[in-house]
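The briefing takes the salt bridges as its opening topic and then turns to the cores.

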Amino acid sequence: PAKTTVQTSSPGGSVSKSSWPYFSTFIQDSYFDGVSGHLQPDNSMYGDIPGHIDIFVRIYKPQTPYIGHAYPDGYTIVHAHEINGTKFFTWGKNPMANFWMDFLAGGVPGGGDYAELQVGPAPTQMQTFSLAKNSTKEWTEVFTAFYGNKTALFSKEYSAATEQVNQKLPSDEETETMREKLVKIANIPVTIDNIVHNGSSWGALNAMLESPPPPLSSNPTSNAFSVSELMFVINEDDAEEVKPWLELLQEGTFSNLTLADSPVSYMTRPEWAQRINSSATKYGKTWLHLLHLGIHTAERGDSSAAFELFEASIVEKPSAQAYRSLAVLSTNPEDAYGFYMKAWDLAIEASFPSASRLRLNLAAEICRFMDGLAMMDADLATCSAKYAENVWLQRISSFLEVSLPKVPDASTISSNDDVLLASLRKAIYVDEAYDKAIGAISSSCFPTFGSRRASVIDLWHAAHILKFEREDSTCLSPLERHKLRTKYQVPSNIGCPYPDNSCTTYHRPS
């Protein structure tokens, strides 16, 4: 039940106000209902919504706010509440929406169509609500389900559907009785015997940072302690990542073992930077102190100061992380490339436990960096493009053929989406191995790519177009290229880029 809505996710991120449930999505202030009053879509029917959208409905008292979903057989689930916000998200019904729902369902056509039904204390997700320190905000939510009248639930008269729900909601007296029971449970004192779930290792570290740290046992799983009745445990699974920070808190500095290893976790709160600075003053600066201070400084936008800290860290001890950070902060692509290659040279020789993870992430970032510059350096879609003169294409080729094979985990790294994309560009524009690229695109799903699937689609078309042009020694006209793109449809495993509602490259298999 609702009177008005606020919709977002529309093109350009704009926000629109509409009358619920009949309105045209993506149109500003769409109050016009048409001559007959039903010319606009019924947005309570997911299938009427063309594209992905968040809809925040406004439900006014004395109506009990709720949101529900009815299945074709009449089975209905309802989530009622007493707070301010009620919303749902739907992908909509278009090729892009169908692809992403199928993709999230493991590639099963129609196996993952869904909507997200949510409630919250604020009217929308673009707003917040105040909660003072050591205060509470409580409310009661109701979940119920029933089989309703299918004709009424799917009636063109929206009020017929809501009346079905209104008849099944618990009475105010029933809700108040349950609320009283829940309040009694909420007021049970927290003790070590009734803890259901402990806070994370990271919560423990930050709690220790803000209060005198308790003595730690040699067994990480026994390191449980409470802060304001919240229980935290240093979990054994996190031992490698939390170890340097425990040392900083307990010993005042990093151990020799930690200094000989490679960092696998970072802290950016100002309180941690203060602790690192205090440690450096008392025990002396190490390469790791300077690296962490550089990362903290970079996160706060002071690139110049961060650059100097990374350089100082390298003076103490060269590390792949410091060189990589210099590459990220560099404004000159040539400088950045040089820093990346120094970082990679150090990663090649690395033998510490996290070396494989370092090489994988670094290789992916290097490939993404060079691939972007290759696309900027020349129009790779034109028949007359001189690919051999594109320095970034040649550097991609050298990295994949010479640098990457030097590491023991090269095969694992090669399957990374960013590395695979660079390999496809090399196959098409350097090696002219068009069939190889077409086969690789047809058999890969690029699980980490959203909007970047557009790049894969471009490569799919480029492989077919350039193959035709090379075989026939001719340059195709724009119309001929269009016909070739139409002939060789983008494979269903690539689908549509997110969040392109105008995408037509995915056709749900029957």
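Asp409 and Arg359 join their side chains in a salt bridge, with N to O at 3.1 Å (a side-chain nitrogen of Lys or Arg within 4 Å of a carboxyl oxygen of Asp or Glu). Asp409 lies in the loop between helix H14 (391–403) and helix H15 (410–414) and Arg359 in helix H13 (residues 355–377), so the pair ties together parts that are 50 residues apart in sequence; helices here are DSSP runs (H or I) of at least four residues, numbered from the N terminus. This is a predicted model, in which local features need pLDDT of at least 70 and side-chain atom pairs count only at pLDDT 80 or more, while totals for chains, interfaces and linings use all residues. Residues are numbered from 1 along each chain as its sequence is written, and side-chain values use heavy atoms, with hydrogens and water left out.

**Burial of the pair**
- Asp409 is buried, with a relative accessible area of 11%, and Arg359 is also buried, at 4% (buried means under 20% relative accessible area, exposed over 50%, partly exposed in between, with a 1.4 Å probe and protein chains only).

**Other salt bridges**
- Salt bridges that share partners join Lys93, Asp102, Asp113 and Arg508 into one network.
- Within helix H4 (residues 172–186), Glu176 and Arg179 sit 3 residues apart, about one turn of the helix, and form a salt bridge whose closest N and O atoms are 2.9 Å apart.

**Nonpolar core**
- In the largest nonpolar core, of 84 residues, Trp344 and Phe399 touch the most other members (a core is a set of buried Ala, Val, Leu, Ile, Met, Phe, Trp, Tyr and Cys residues joined through side-chain atoms within 4.5 Å).

Conventions: Helix = DSSP H or I, 4+ residues; strand = E, 2+ residues; numbered from the N terminus.
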